[in-house]
Amino acid sequence: MNLQAAWLAPWQATQKSLRWLTLGIFAACCLGAIGVGVLVQGTHWWLVSAGVYCLGIGYLWAFLLSSLLLVSIDARQLRIPGMVQTAVWSLIFYGAPSVAVPAVVLGVCGAPALTVALLAALAVTAGLAVVLLPGYLVMMMSLLPAMSIGLSRLVHISSLADPRFVPWAVVALFLLLLVDILRWRQLLHTQPGGVLGMSSAMVLRLRTNGGLGKWSRLAQQQNASRRLRQRPDWMQGRADLRRVGPRRPVATLRVALGGWYVPQTWSSYVRQATPVLLPILLFVPMMAIMQGGEVVHGDVWRKVWLDVGINVIVWIGIFGGPLLAILTAFTVRQRWTRLNAELPLLALLPGLGDVAAMRRNLLRAALVGPFLAQTVALMLLLGTAMAVHMGSVVMLFVALSQVGCAGVVAALVLDTFGGDRLPAWGTAVLSAAAFVLVSLSSFIPLTGVGRKPWHFAAAGEWLLALGWVAMAGMLLWLGRRGLRGLQARPHPFLPN
């Protein structure tokens, strides 16, 4: 085994910005685990610390170590000797310390080393499974935590701190390891350019986004076109161009921006939202069944709707707002960095008016739609929070998370229009920081409510407030700089 090759393989196989983003999240989780170990008191302090570390190591294996599969696929296609074996040795080389280091460190501090090692190993194998398995299976796996909470009311499920958890963890680890090995071998023999969609593995999408360090604009355009062609017909968008023309410059510019900006029919919006809405609709009867163990106490539907409401707040808050912000920023940035000459020709469209009118219409076309979508999400979240009688603090942070996502959209869009945009690593750091703040704002305030509130919820809320103040300052600076750059340009349709 070549140790140097095993050490360097994942770093050379991963696109640069993704590599730094993954390392940043992993380092933040490691620091968080250390902070939890120092600050949290109680018998099971180690469980919280290990949980934070597991989040980081799972993310590291999902988006950094999994890129070794892409190298292995290419090496097998090109008949490069020894590369597939090097990738396997690299997984072992990184897998051993991923499990052993937290077990030793926390074990020295008094935690059960075997349980910590099992948790870390489960995080490693689960992280790989998330990017190796088909998308629909990963979606089903995401419901397992909620199912375990609900089933705990019907059958006894050992807690993570219970010694009886170890045999179950060993069985789960064996199954996950077996799934990872079989799925790895299956994908290793896949043909390049396979079908993308809910049946594909997330790791193959890293290739379309530069998983091998080839983040070229031409490759992005080709991959976007290929994804559209491979999408089933019932999921294809149906454009609504009845209100597009010289008299409606904003709608016309939305068509020019492309992507989800293009006006569509209502049936088209519903069809494309079905893969997201269907699991949410199926979640309600599932929760009702799992809450059946509390029928004897009455009130079962109130408990069902409380659980559903909390999950709506968490899932829309953590995934809905940030996903919309990232999708909007990426669509605009891709249009302003393409190699073709479509963008400068927009200045020749009739009916756009003078340069000042062009800027106003462009800002309206780029920002009004995302702001309306964020407003709808905000109203849905606040309505859900009121329906399940959440406190004012929870509602404040729920609102703050969506307002923050709208601020990220405005800042990144203006940054692109201004021309002097942030480098890729700066955008990645800003996006990661915003995602962490939004996720924690949708989660930490909820830990302070219920029958067993978390003792450190109030301190966490103050830290979140300080984080949002810093984020607001950064977004204001970025947006102001972008707006000045946009105003200084001869016309707004100059590529970057």
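1. Asp415 and Arg481 pair up through their side chains in a salt bridge, 2.8 Å from N to O (a side-chain nitrogen of Lys or Arg within 4 Å of a carboxyl oxygen of Asp or Glu). Aspartate 415 sits in helix α17 and arginine 481 in helix α19 (residues 457-488), so this pair ties together parts 66 residues apart in sequence. Helices here are DSSP runs of H or I, at least four residues, numbered from the N terminus. This is a predicted model, with pLDDT of at least 70 needed for local features and 80 or more for side-chain atom pairs, while totals for chains, interfaces and linings use all residues. Residues are numbered from 1 along each chain as its sequence is written, and side-chain values use heavy atoms, leaving out hydrogens and water.

2. Aspartate 415 is buried, at 1% relative accessible area, while arginine 481 is partly exposed at 26% (buried is under 20%, exposed over 50%, partly exposed in between, with a 1.4 Å probe and protein chains only).

3. Aspartate 415 also meets arginine 333 in a salt bridge of 3.0 Å, N to O. Arginine 333 belongs to helix α14 (residues 300-336) and aspartate 415 to helix α17 (residues 392-418), so these parts, 82 residues apart in sequence, are tied together.

4. Now look at arginine 183, in helix α9 (residues 165-188). Its side chain has a polar contact of 2.9 Å with that of glutamine 186 (N or O atoms within 3.5 Å, one able to donate a hydrogen and the other to accept it; residues adjacent in sequence count only if both atoms are side-chain atoms).

Methods
Helices (H or I, at least four residues) and strands (E, at least two) are DSSP runs, numbered from the N terminus.
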